[in-house]
Structure formats: structure tokens, C-alpha cells
Amino acid sequence: MASSPIRAGQSAPTIPAHWRDFVALTKPRVMTLVVFTGLCGLLAAPGHIHPILGFTAILCIALGAGAAATLNQWYEADIDGKMKRTANRPIPAGRMDRQSALHFGVGLSFFSVLLMGVATNWLAAAVLTVSILFYVFVYTIWLKPRTAQNIVIGGAAGAFPPVIGWAAVTGDISALPIALFMLIFFWTPPHFWSLALFVKTDYAAAGIPMLPVVSGEVATRRQIWFYTAIMGVSAMAPVVLQLTGPIYGAVALVGTAFFVVFAFQVLRHRESDPVRMGPEKRLFKYSVFYLFLLFGAVVVDRWMFI
Amino acid sequence: MTPDENRQIRSRQKSRAIVTGLLLGALVILFYAITIAKIGGGH
């Protein structure tokens, strides 16, 4: 029973889903970066928050991200079933019915927002609400199936965690969390498009208008380079605006220089075979490390110099 | 429904009930801790 794939409109599995499948819906691996950037926003914020309340704020960010991921999979079950990378997710693999995922996602959304409001403040809860709604309605439902620029605007959803973490401590939103938001916002296109270059065939099979599918690889490589340049400016903005000190400045300068070099290698590379896309894979892996590095540096810097 | 399916359903229900119970217990502890933190911190 659990092994037969289902599609929309087909009967739901009669055997209840395993609790591990509910955990899988929340995409725990993707959550790592969200939790880390949220934690950095919280730790970099001026002021004090009780460790229990700080823990609860991060828990709410994680649960909110899990809720958004769940609702994304509820909506995209048909698409997920067409891609090798996602075909084994709980709904397309037939291990869970769609309605269970919907109820779980909506319930988790409400719970995370209410808990955030009760434990910290309602500004943090409001930003968390916006991030969930943005990911589900603006990215998943509206932009993703319609435009190749989907992840540019949609990437904003992933940029909210440091703002939420900051707001949980201070109850306001100032220049640094906005700068961190912009950094993730402009980091997202090179991060995702470098991935999309070497998993292009999957997106094509599902009919998702990812940039390499719609505009071709050369255009994608140019766009990666373009957004890397803007991301570099965003990365240095906190230094120029004197929101951070020399540690972040040095780390951002060196880290961004490597990013630019790797993005330039992707720009110059002419290879269509995913197996031989070394520079693209390197840029994708480095982009994850880069974000961890810069956000870690923000925290160290703020603790030592501000 | 075959006996095998019936057994699998019971097994799933049992494991979900255990996880739900553990989560509820964790939430009780969390809400208690939040309350203490709020009272102690003067929030």
C-alpha cells in the first residue's frame, strides 16, 4: 500500500502515514540554514533575551519553515512526482494523503506564529507570518510555476529568519537585520541557479520554468554573475554603513572574493553535461558555506566590537 | 482489509500516539519554562 504512488484525485492511502513522514515534510535538512541565520540574527541583536525565550524563538522559526515546506509539498505533490529528486517525498510516493499534509502544515503555521507571539513579541510573530505566507502564496503558488525569475522574488521568504531573530530580541527592525535580509535575498539566485544548472533535466521534466530551462545555460551563467555582483555589494554594505566591525569586514571581503572567483568560473564554463559541471557544483557548495561563514562572522563581530 | 494491513495500521497508530504523547509532554515543559522565564524576566 505505502509503496504505490498516488496522484491528485486518487484515493488516499488507507494506512496512516508514519510519523517520520510528517518530519520529512518539514525538510529538516533545508531548515539548518534557516535556523542558523535566525539564530545569528537573534545573537547579533543588541539587548538581552532569556535563553528559554531565545530557544523558543528559534524553535518557532524552525517550525514556521517546516510549515511552509509542508504546504509547499502539499501544493506541489504532482510536480514532485515527476522529478527524480522529489518523487520519494511522502505525498508523491503514496505514503501520505494530501489532506493530512495540508492540515499538518496549516496547524504548524498557526502554532509557530502563536507561540512566537506569546513567547517573544508580536512583531516577530508578524514577520514570521509574512515569511510563511510569502513562501506559500507568492513563491510556491504564484511565481514558481509562472516565471523563470521565481526564485529572485521568492527568495525573500528565506531571507526573513535573521529579521525574525532580531525582532524577537529587540521588538523592532533596524538597519543591520535589513542588510542581512538583503544579503540572503541576493545570495539566493546564484545559490539556486548553480543548482538548477546541474539538475536542469529534472525541472524540465516537471515543467517548472527554471531559468536554465527557459532562457538557456549561457543566460543563467550571466544572471548568476550579475546577482553575485549585487550580493557582493550587499555583503559589504554592513561594513560601509558601520553596522559591523573589522572581523565581519575581513571575513566578508575574503569570503566574497572567493564567491566572485567561483561565479566567474561558472560564467566562463561551457558545459551542458551535468556530470562535468564541476564549477557549478563547487559554487553551489561554496554558497552554503559562504552564508554560514558571513553570518557567523556577524555574531562574532557584534559580540567583540559593538 | 487483510490481517497484515490491520496489524500495520495498529502499529502506525501506536507509534504516532507515542510521538504525539512525547510532543505534548515536551510542550507542557516548554510552556512551563516560558512562564517561569517571563515571570522572572519581568516581561
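**Note on the predicted model**

1. A:Gln242 lies in the loop that links helix H12 (217–240) and helix H13 (246–268) of chain A. In this predicted model, local features need pLDDT of at least 70, side-chain atom pairs count only at pLDDT 80 or more, and totals for chains, interfaces and linings use all residues. Residues are numbered from 1 along each chain as its sequence is written, chains are lettered from A, and side-chain values use heavy atoms, without hydrogens and water. Helices are DSSP runs (H or I, at least four residues) numbered from the N terminus.

2. The phi angle of A:Gln242 is near 60°, a positive value in a residue other than glycine. With 70% relative accessibility, A:Gln242 counts as exposed (buried means under 20% relative accessible area, exposed over 50%, partly exposed in between, with a 1.4 Å probe and protein chains only).

3. A:Lys27, in the loop between helix H1 (19–25) and helix H2 (28–44) of chain A, also has a positive phi, near 50°. A:Lys27 is buried, at a relative accessible area of 17%.

4. The axes of H3 (residues 51–75) and H6 (residues 122–143) of chain A come within 10 Å and cross at roughly 20°; axes are lines fitted to C-alpha atoms, for helices over the stretch in contact, and angles run from 0 to 180 degrees between N-to-C directions. H3(A) and H6(A) are therefore roughly parallel to each other (angles under 35 degrees count as such).

5. A:Phe110 is located in helix H5 of chain A and, at 57% relative accessibility, counts as exposed.

Technical notes: Helix = DSSP H or I, 4+ residues; strand = E, 2+ residues; numbered from the N terminus. Parallel < 35°, antiparallel > 145°, perpendicular 65-115°, else oblique.
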